[in-house]
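Please look over the sequence and the structure shown here before reading on.

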Amino acid sequence: CIPGEGEITECEGLYSDISQSISKEVDKMVISIDYEKSTKNYNELLDKIYDTVAYVYKELRKENIVVENISVMGDSTGGNILLNIIEKMNTNDIKVGNMVLFYPVLSGEYCGKTQYPSILENTSVNYNLISKLKVYYQNTNKDYFPLQVNKEIEYPKTLLLTGNVDPLIDEAKAFAEKNKNIELEIVDFAYHGFLNTKDKEIIKEYSRALKKFMNKENID
């Protein structure tokens, strides 16, 4: 699991608890990578996280964990990181069974002009999200944003979860429409960073989607 930037998701200091909760919900081990503040250089960050993912993957395979039972996960900026290293994973034969993306950052259109209306319209809850993203990605180029990359990348079977009041919902819809391996689930009344929620209905809805996607039985 690659967590998002805590200041953007408002999950700072909560990812340990979030990982434990997800682990219990899907009855699987969750390994979360702690990388915040490790570097401000995005290329270096991608390299470090890729190296960590590759190491964990190889150790799991040594223990005879089959590829189909290995999943990768990321939320918000962590989802963006995961999408940026997936091609390198493919090239180096790091194959996984599933990928889960919670409200990933996809378009890079956070400087006023955008083709995705929700970025400008869904401001009631995450009112300062776009300004935070603008600052966070100020030294990166468009190639870091999947919706601005023209080449075709092979993604594993993917579940993309986003909230219906998330400013990034329109770019999530566009990304899912472009990729046949991506299943989109929209969580009612949920915002960007909803993994930090205490709302039982939101938790129930995204947990059910996760369990169904991970082929869990007895999901009621």
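Lys62 and Glu59 are 3 residues apart in helix H3 (residues 42-62), which means that about one helical turn separates them. Their side chains meet in a salt bridge, at 3.1 Å from N to O, where a salt bridge is a side-chain nitrogen of Lys or Arg within 4 Å of a carboxyl oxygen of Asp or Glu. Helices here are DSSP runs of H or I with at least four residues, and strands are runs of E with at least two, numbered from the N terminus.

The model is predicted, so that local features need pLDDT of at least 70 and side-chain atom pairs count only at pLDDT 80 or more, while totals for chains, interfaces and linings use all residues. Residues are numbered from 1 along each chain as its sequence is written, and side-chain values use heavy atoms, with hydrogens and water left out. The mean pLDDT (the predictor's confidence in each residue, from 0 to 100) is 92 for the protein chain, and 97% of its residues reach 70 or more. Confidence is lowest in helix H2 (residues 15-26), with a mean of 89, and highest in strand S3 (residues 157-163), at 97.

By the salt-bridge rule the count comes to 5, and the table lists three of these pairs.

| Pair | N to O distance |
|---|---|
| Lys62 and Glu59 | 3.1 Å |
| Glu87 and Lys151 | 3.0 Å |
| Lys132 and Glu10 | 4.0 Å |

Glu87 lies in helix H4 (residues 77-91) and Lys151 in the loop between H6 and S3, so this pair ties together parts that are 64 residues apart in sequence. Lys132, in helix H6 (residues 129-136), and Glu10, in the loop between helix H1 (6-9) and H2, are 122 residues apart and link distant parts of the chain.

Thr197, in the loop between strand S4 (182-187) and helix H8 (200-213), is buried, with a relative accessible area of 11%. A polar atom of its side chain lies 2.9 Å from the backbone nitrogen of Asp199. Leaving aside neighbours within four places in sequence, Thr197 is in contact (heavy atoms within 4.5 Å) with Tyr191, Ile202 and Ile203.

Terms used
Buried means under 20% relative accessible area, exposed over 50%, partly exposed in between (1.4 Å probe, protein chains only). A polar contact is a pair of N or O atoms within 3.5 Å; within protein, one must be able to donate a hydrogen and the other to accept it, and residues adjacent in sequence count only if both atoms are side-chain atoms.
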